[in-house]
Each structure stands twice: as C-alpha cells, then as structure tokens.
Amino acid sequence: MDLLDVINSIIQTNTDAQKLTDIVIGTVVTADPLSIQITPTLILPAEVLILCESVQEKEYEIMDVTLTNVIGKYKREALAVDDKVIMLRVLKGQQFIVLSKV
C-alpha cells in the first residue's frame with residue numbers, strides 16, 4: 001500500500017465516522033408522542049425528529065373552478081402507528097428528517 005492509498009483510506013474512514021446524510025427507513029411505534037423505530041433496539045423520540053410538511057396533518061379546502069366557493073375539504077392524516085417512513089439521518093445521527101411515508 002503506497003502513501004496515496006493510506007491517505008485515501010484515512011479520508012474514507014473519517015467520512016464514514018462522521019455519518020453524513022444517510023437514508024433510513026423506519027416504522028412509527030407511537031403517534032402521540034411520535035416515536036419511530038429504525039432498528040430492533042433503536043427507537044427515535046420526537047425530540048430528534050424533524051417533520052416535513054408531507055407527513056404532518058393538514059386540511060385543504062377544495063374550490064370550484066372559479067375559486068370562489070368551497071365545495072369540499074380534504075384532510076391529510078398525521079403519521080399513525082405502523083406507518084413506514086423514509087428519513088434522512090443528519091448531524092452525525094443526532095437528528096432525523098422525516099421526508100414521507102413509504
């Protein structure tokens with residue numbers, strides 16, 4: 001192994017240790033307060049989860065074509081127990097951004 005290989009190995013080891021952004025799949029264990037399980041022994045509490053709008057409860061009004069009358073409503077439900085979610089691990093695994101349901 002030459003010097004360049006050693007330097008590349010050190011850089012790769014350092015990068016791996018930093019745990020930069022990584023995609024993680026999890027399962028909602030509890031909805032209120034929210035907790036998500038990512039391994040059999042690791043359950044993430046709400047304090048380390050950042051929720052994107054796509055996984056938050058929200059109500060929408062459905063308008064007619066003239067956009068003057070509300071003709072209905074649509075409600076996007078919040079995360080529920082057993083929902084599978086895709087997340088990004090950030091800040092060396094100290095926080096997780098919940099992107100969407102799988």
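Two strands are said to pair here if DSSP finds at least two bridges between them, and the strands themselves (E, at least two residues), like the helices (H or I, at least four residues), are DSSP runs numbered from the N terminus. This is a predicted model, in which local features need pLDDT of at least 70 and side-chain atom pairs count only at pLDDT 80 or more, while totals for chains, interfaces and linings use all residues. Residues are numbered from 1 along each chain as its sequence is written, and side-chain values use heavy atoms, with hydrogens and water left out.

With these terms in hand, the chain can be described as one helix and eight strands, which follow one another along the sequence in the pattern α-β-β-β-β-β-β-β-β. The radius of gyration, taken over C-alpha atoms and compared with a globule rule of 2.2 Å times the number of residues to the power 0.38, is 20 Å for the chain, whereas a compact globule of 102 residues would have a value near 13 Å. Along the principal axes, the C-alpha atoms fill a box of roughly 75 × 35 × 20 Å. The chain exposes about 7300 Å², of which carbon and sulfur atoms supply 59%; accessible areas come from the Shrake-Rupley method with a 1.4 Å probe, and for residues only the protein chains shown count as cover. Buried residues (under 20% relative accessible area, with exposed meaning over 50% and partly exposed in between) make up 21% of the 102 residues. If contact is taken to mean heavy atoms within 4.5 Å, then residues 24 or more positions apart account for 44% of the contacts in the chain with a separation of 6 or more.

The strand pairings can be followed from β1 onward. Strands β1 and β2 run antiparallel and are joined by four bridges, with Thr 30 standing opposite Ser 35 in β2, and the hairpin that joins them passes through two residues.

The interior can be read next. A nonpolar core is a set of buried Ala, Val, Leu, Ile, Met, Phe, Trp, Tyr and Cys residues joined through side-chain atoms within 4.5 Å, and the largest one has 13 residues, with Ile 36, Leu 49, Leu 79, Val 85, Met 87, Phe 96 and Val 98 having the most contacts inside it. The elements that give two or more residues to this core are β1 (22-31), β2 (34-39), β7 (84-90) and β8 (95-101), and β2 gives the most, with three residues. Ile 36 is found in strand β2 and is buried, with a relative accessible area of 0%. Not counting residues up to four places away in sequence, Ile 36 touches a set of residues that includes Val 28, Leu 44, Leu 49, Val 85, Met 87 and Val 98. Between Ile 36 and Val 98 there are 9.7 Å in space, C-alpha to C-alpha, although the two are 62 residues apart in sequence. Leu 79, with the same exclusion of residues up to four places away, has among its contacts Val 28, Leu 34, Leu 51, Val 85 and Val 98.

Leu 67 counts as exposed, at 62% relative accessibility. Asp 82, in the loop between β6 and β7, likewise has a positive phi in a residue other than glycine, near 80 degrees, and is exposed, with a relative accessible area of 59%.

The structure holds one aromatic pair. Rings of Phe, Tyr and Trp (its six-membered ring) pair if their centres lie within 6.5 Å, and planes under 30 degrees apart count as stacked, over 60 as edge-to-face and the rest as tilted. Tyr 60 and Tyr 74 form a stacked pair, 6.0 Å centre to centre with 25 degrees between the planes. Because Tyr 60 lies in β5 (residues 58-63) and Tyr 74 in β6 (residues 70-76), the pair ties together parts that are 14 residues apart in sequence. Tyr 60 is partly exposed, at a relative accessible area of 31%, and Tyr 74 is also partly exposed, at 46%.

Technical notes: Buried < 20%, exposed > 50% of the residue type's maximum accessible area, 1.4 Å probe, protein only.
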